[in-house]
Amino acid sequence: MRIKQAKGLPAVESEQPKEIPSNIPDFPIYFYEPAQIYTTDPTVLPIKGMQYIPNYVTPEEAKYIWDTVYDREFSTLIHRRQQFYGQRYYHTTCDLKDLQPTEEEEFKCYDLELFQGIITRLENDGFFEKGEVTQILVNEYAGAMGISNHFDDSNAFGDTIVTISVGKPVWLTLTSNEDQTKVFLEENSLFCMKEDARYKYRHGIPKAQWVRTPDGQCIKRGMDYIRISLTIRKLLDTRKKVEEDITHWDECLVRNSIFLSKDEAKRNEILNKQ
Ligand SMILES: O=C(O)CCC(=O)C(=O)O
Ligand SMILES: [Fe+2]
């Protein structure tokens with residue numbers, strides 16, 4: 001692996017552990033100093049509205065997040081396990097009968113207050129107005145799980161999306177119509193998407209089996225490779241409107257982020273696209 005400093009400093013070569021398959025894509029890793037972020041293509045940065053803060057949460061806060069999450073049940077409706085804190089998505093927003101969940105499929109929503117400390121800090125640091133945050137979505141990535149490239153639905157969520165990462169680091173891909181880069185989301189970091197980062201670049205996490213880290217390691221994403229992320233955002237009232245014209249599963253899913261069908265095969269078909 002080649003690790004390079006963005007500002008013309010010499011590349012640092014590091015030894016690969018022997019057991020790593022040779023077909024794992026190699027790519028240069030740069031440190032993009034203005035954003036304090038590792039990236040595969042610094043020429044794409046800066047992206048307007050993108051902000052990265054390493055070690056935004058302390059190890060104690062990270063432990064609190066981890067313990068809070070793992071003290072509670074997850075929704076297992078999609079491949080990645082999830083939890084919702086604060087407002088939930090109302091299935092009544094979607095006027096399709098077979099999209100309504102059965103009682104057992106209803107997922108719980110936990111108290112947003114559990115993360116009030118972090119929310120208050122985000123407000124004080126200017127990421128959100130007071131009281132603006134209405135929902136935290138927890139995603140758990142175990143092993144080689146990912147999330148396909150997407151925009152967070154602009155009908156459903158506010159202009160600012162903040163993600164806090166706890167546990168193992170991953171590469172997040174940012175893709176616009178013109179270019180693409182990967183950025184490395186480290187343990188305890190904050191990643192914020194507004195403006196172009198929110199509306200021009202899709203974001204996603206590849207389902208890669210291996211992670212190349214900036215310190216020269218190549219780590220297998222086995223089932224013990226766990227990252228949880230907190231996606232912190234405002235859920236908009238506009239997402240509550242019943243869309244009469246929704247006829248496609250995909251569209252319904254995008255508008256409402258999670259929709260459930262009693263027809264499990266159909267549901268899995270849609271959810272697996274996520
Ligand atoms: O886990 C992440 O960092 C991204 C999650 C995400 O994009 C989402 O929930 O919409
Ligand atoms: Fe997202």
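Two strands pair if DSSP finds at least two bridges between them. Here strands (E, at least two residues) and helices (H or I, at least four residues) are DSSP runs, numbered from the N terminus. With that in hand, welcome to this predicted model, where local features need pLDDT of at least 70, side-chain atom pairs count only at pLDDT 80 or more, and totals for chains, interfaces and linings use all residues. Residues are numbered from 1 along each chain as its sequence is written, while chains are lettered from A and ligands numbered from 1 in the order in which they are written.

- Seven strands form an open sheet in the order 5-13-10-17-8-6-7, and their pairing is mixed.
- Strand 5 (50-53) and strand 7 (109-110) are the edge strands, each pairing on one side only.
- Inside this order, strand 10 (residues 161-167) and strand 13 (residues 190-193) are antiparallel partners joined by four bridges.
- Look for I161, which stands opposite M193 of strand 13.
- As a general rule, strands of a sheet pair through backbone hydrogen bonds, either parallel or antiparallel.

- Strand 14 (residues 202-205) has H203 and I205 on its covered face, with R202 and G204 on the uncovered one.
- In a regular strand, side chains alternate between the two faces of the sheet.
- Strand 9 (residues 147-150) pairs with strand 14 in the antiparallel sense over two bridges, and I147 has I205 as its bridge partner.

**Around ligand 1**

- The residues around ligand 1 are L137, N139, I147, D152, T163, H203, S229 and T231, each with its C-beta atom, placed from the backbone, within 6 Å of the ligand.
- Strand 8 (135-142) and strand 17 (226-233) are the elements that give two or more residues to this shell.
- By class, the shell has two nonpolar, five polar and one charged residues (nonpolar: Ala, Val, Leu, Ile, Met, Phe, Trp, Tyr, Cys and Pro; charged: Asp, Glu, Lys and Arg; polar: the others, Gly among them).

**Backbone details to spot**

- The peptide bond from L45 to P46 is cis, with omega near 0°, and P46 sits in the loop between strand 4 (37-39) and strand 5.
- E195, in helix 3 (residues 195-199), is another non-glycine with a positive phi, about 45°.

Note on methods
Buried ≥ 20, exposed ≤ 12 C-beta atoms within 10 Å, placed from the backbone.
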